Amino acid sequence: MGMVRVRSDELLLGEWACLGILAQGPSHGFAVSKRLAPDGDVGRVWSLSRALTYRALDQLVAAGHVEAVGEERGTAGGPRTVLAATPPGLAALRRWLVAPVPHLRDVRSELLLKLVLADRRGVDTRELLVQQRARVAEIAAARSNDDPDDVVVLWRRESADAVVRFLDALLARQRRG
């Protein structure tokens with residue numbers, strides 16, 4: 001059974017990654033998939049296979065976030081369709097890039113992806129970092145009465161502390177630069 005989406009701006013992380021790449025400029029699916037390979041500039045944070053990249057691009061087209069804007073001659077095979085982000089796609093990306101992630105477990109994947117894509121777009125992330133730090137502190141405070149001998153509780157506390165240090169380091173770096 002496929003995933004049912006309530007709103008068109010409820011994208012999967014791979015779709016956000018593709019949209020973020022296309023927001024930097026028109027490209028074809030093969031080039032997007034290279035950037036999402038494990039050794040790609042975005043793939044080192046969130047990687048997708050070529051097949052999943054093309055599926056994500058199809059979903060973005062269906063949602064109206066991306067559109068075909070031309071064709072390029074392929075090096076091996078037929079022409080490649082060049083895609084670009086649409087104004088609604090860019091607006092959705094802007095909203096997503098500045099929204100803190102809701103769960104501590106999403107920091108490594110979603111927040112890091114947001115930071116990489118925001119950096120490539122020149123988006124100021126200071127407010128995102130401040131809000132994310134407050135969210136992590138709120139999560140940690142809500143768990144402060146949990147059993148300190150529980151290994152899961154210890155993991156969550158240590159993870160929250162590490163995320164706070166990470167966010168503080170990013171905020172300090174922004175203040176300096």
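Buried means under 20% relative accessible area and exposed means over 50%, with partly exposed in between, using a 1.4 Å probe and protein chains only. By that scale Arg133 is partly exposed, with a relative accessible area of 29%. The structure is a predicted model, in which local features need pLDDT of at least 70 and side-chain atom pairs count only at pLDDT 80 or more, while totals for chains, interfaces and linings use all residues. Residues are numbered from 1 along each chain as its sequence is written, and side-chain values use heavy atoms, with hydrogens and water left out.

Helices (H or I, at least four residues) and strands (E, at least two) are DSSP runs, numbered from the N terminus. Two strands pair if DSSP finds at least two bridges between them. Three strands make up an open sheet with antiparallel pairing, in the order E1-E3-E2. Strand E1 (27-28) and strand E2 (66-72) are at the edges with a single partner strand each, so one side of each has no neighbour in the sheet. E2 and strand E3 (residues 80-85) run antiparallel and are joined by six bridges. Within this pairing, Glu67 stands opposite Ala84 in E3.

Helix H1 (residues 13-22) lies across E1, E2 and E3, and runs at about 90 degrees to E3. Axes here are lines fitted to C-alpha atoms, for helices over the stretch in contact, and angles run from 0 to 180 degrees between N-to-C directions. Contact means heavy atoms within 4.5 Å.

The next topic is the nonpolar interior. A nonpolar core is a set of buried Ala, Val, Leu, Ile, Met, Phe, Trp, Tyr and Cys residues joined through side-chain atoms within 4.5 Å. The largest core has 28 residues, of which Trp16, Cys18, Leu19, Leu36, Trp96 and Leu113 touch the most other members. At least two residues of this core come from each of H1, H3, E3, helix H4 (87-97) and H5. H1 supplies the largest share, seven residues. Leaving out residues up to four places away in sequence, Leu113 touches Leu13, Ala17, Val42, Val45, Trp46 and Trp96. A second, separate core of 14 residues includes Val101, Leu128, Leu129 and Val136.

Ser109 lies in helix H5 (residues 107-121). With 17% relative accessibility, Ser109 counts as buried. Apart from neighbours within four places in sequence, Ser109 is in contact with Leu13, Val45 and Trp46.

Turning to charged pairs, a salt bridge is a side-chain nitrogen of Lys or Arg within 4 Å of a carboxyl oxygen of Asp or Glu. The whole structure contains six salt bridges. Arg35, Asp41, Asp119 and Arg120 are linked in a network of them. Asp41 bridges to Arg35, with the closest N and O atoms 2.7 Å apart. Asp41 is partly exposed at 25% relative accessibility, and Arg35 is partly exposed at 22%. Arg120 also forms a salt bridge with Asp41, and here the closest N and O atoms are 3.0 Å apart. Arg120 belongs to helix H5 and Asp41 to the loop between helix H2 (29-35) and helix H3 (50-63), so this pair ties together parts that are 79 residues apart in sequence.

Asp168 forms a salt bridge with Arg133, with the closest N and O atoms 2.4 Å apart. This pair links distant parts of the chain, 35 residues apart, with Asp168 in helix H7 (residues 151-176) and Arg133 in helix H6 (residues 126-142). Asp168 counts as partly exposed at 31% relative accessibility.
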